[in-house]
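Trainee: Could you take me through this protein step by step, with the sequence and the structure beside us?

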Amino acid sequence: DVLPSPEGPVPSVSITEIRQYLRAKGIPFHDGYSCLHTPSLFTDGREDQPPAATASTPYTLFIDKTTGSFLCTATLAEGTWQDFQANVELRHRGVPPASSEEPEEDMRRAREDARCIWDRALPLWELLDEEETSKTKAMFGISLVSDGTLKRFGVRYLRTAKSLVFPWFSTRDATLKGLKLIRVEKKGDVISYVEETLPRFDCYRNLFGLPLISRRDTELVLTGWELDALALHQATGVASLALPRGATCLPPALLPYLEQFKRITLWLGEDLRSWEAAKLFARKLSLKRCSLVRPGNLQPRPLEALNQGLNLTKILRAALPASHKSIVSFRQLREEVFGELVNTEQVAGVKWARFPELNKLLKGHRRGELTVFTGPTGSGKTTFISEYALDLCMQGVCTLWGSFEINNVRLAKIMLTQFAGQRLEDQLALYDEWADRFEDLPLYFMTFHGQQNIKTVIDTMQHAVYMYDITHVVVDNLQFMMGHEHLSVDR
């Protein structure tokens, strides 16, 4: 994914401008948590009038308060703030608004592939015999999850790939839009879960469990994993959804679907990274309606809590409000301090897998820290930093590169070679396989080159943090970005 280039940066729009525009055009709106709600331009048959504010008009169009992007949940039409204005202007001239276009070729193919897999997969409660069912459930640690729950969420099993299959149905017409496959890998005693999505991960925007939510639901638990959503719903009966990429990111395109909830509890996982992510996501969702489940021995992830026979309802009731007042006493911090002492390893940050010596020096990658690498020209700074960033990125740290010295194609070539661990120019037949895997990393590049206005760069970074939940930014290098004349002025 490439962020907008400096020639056409994302024109920023303030919430005040959005409100003023809607009032000037006579478009009614409600103020929501993360979005403004208006009647949709895309559902109304009478194109020549502005959307009428009748009691029966559902407000199905959502405008993101931070970026101005819109999404109509009834027709799935979406676009930028500029697209929204263009549609309003066209409507005043009596031109019908463009309906959401056909999915592109790649998306269409992904849906066909998903449909084929879905048809081959069996409902988990309809496997050959009870023994196969119980073995499969034990493999994924879901022996206590009932057939009724699996049926309700539509979970299937693909025998050939030994994978659980989680569907993504359109909320509009209940068609299959995609799938997530999860399989178990064992290395010695360590069990890990491998996920794969159709379509590719950056287009996979499924809130697993969304079709089961009713209009009357006002409370929700957001989890970081599909199996957690199953366990939570079964144990507590509350509406629960799973984020498509766990604690890695919360795409703004999903915010409109979460607007109806007055209270959202984030229970993303059992480590410190998911706790950090929960605090970040709560800011996007509006702090005043969010509560967080703090990871700890007696508060593991929901599936683990179910398997240990813990009381999930009690854990939810003990969730901490996300909005802290400006002044706190030690009593309120007491649990947090204890958590840091218990998890000293995790507090130190995400460890590098390839650089044990670096872990001794820096302890790990921690948010909010600045690390400066210096060295003479040609000493290997860029080569090392790309390897260093890639190491974290492969562990799910969302990374933004600003390469002002070498262009993105060359940088991506260096990183892809490091990722594959071999010279791909000698084995071009392997290129697509490695490129596909590389594409699935949460890695983004700024398209600036050479000297830049510092404000534009900072604005782009802030946009990236909101859109992609970036937690690691690399600037290579400061001298090229600032130009030589700035260096002495304002270090």
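Trainee: Where is P199 found?

Mentor: This is a predicted model, in which local features need pLDDT of at least 70, side-chain atom pairs count only at pLDDT 80 or more, and totals for chains, interfaces and linings use all residues. Residues are numbered from 1 along each chain as its sequence is written, and side-chain values use heavy atoms, with hydrogens and water left out. A cis peptide bond with an omega of about -5° joins L198 and P199. Helices (H or I, at least four residues) and strands (E, at least two) are DSSP runs numbered from the N terminus, and P199 is found in the loop between strand 10 (190-198) and strand 11 (219-223).

Trainee: Is L76 buried or exposed?

Mentor: L76 lies in the loop between strand 4 (70-72) and strand 5 (78-79), and although L76 is not a glycine, its phi is positive, at about 65°. Buried means under 20% relative accessible area, exposed over 50%, and partly exposed in between, with a 1.4 Å probe and protein chains only. At 18% relative accessibility, L76 therefore counts as buried.

Trainee: How is helix 1 oriented towards helix 2, roughly parallel or roughly perpendicular?

Mentor: The axes, which are lines fitted to C-alpha atoms, for helices over the stretch in contact, with angles from 0 to 180 degrees between N-to-C directions, come within 12 Å and cross at roughly 10° for helix 1 (residues 15-24) and helix 2 (residues 81-92). Angles under 35 degrees count as roughly parallel, over 145 as roughly antiparallel, 65 to 115 as roughly perpendicular and the rest as oblique, so helix 1 is, relative to helix 2, roughly parallel.

Trainee: At what angle do helix 14 and helix 15 pack, and which residues of helix 15 make the contact?

Mentor: Helix 14 and helix 15 have their axes 10 Å apart and pack at an angle of about 100°, which makes helix 14 roughly perpendicular to helix 15. Contact means heavy atoms within 4.5 Å, and helix 14 contributes A412, M415, L416, F419 and A420, while the residues from helix 15 are Y431, W434, A435, R437 and F438.

Trainee: How are the planes of F419 and F438 arranged, and how many residues apart are the parts that this pair ties together?

Mentor: Rings of Phe, Tyr and Trp (its six-membered ring) pair if their centres lie within 6.5 Å, and planes under 30 degrees apart count as stacked, over 60 as edge-to-face and the rest as tilted. F419 and F438 are 5.5 Å apart, centre to centre, with 55° between the planes, and the pair is tilted. Because F419 lies in helix 14 (residues 408-420) and F438 in helix 15 (residues 431-439), the parts tied together are apart in sequence by 19 residues.

Trainee: Which ring has the charged end of R437 over it?

Mentor: A charge sits over a ring if NZ of Lys or CZ of Arg is within 6 Å of the ring centre and within 35 degrees of the ring normal. K284 lies over the face of Y466, at 5.1 Å from the ring centre. The charged end of R437 sits 4.2 Å from the centre of its ring, which belongs to W434.

Trainee: Which residues is E387 in contact with, leaving aside its neighbours within four places in sequence?

Mentor: E387 lies in helix 13 and, at 18% relative accessibility, counts as buried. Leaving aside neighbours within four places in sequence, the residues in contact with E387 are R354, F355 and Q418.
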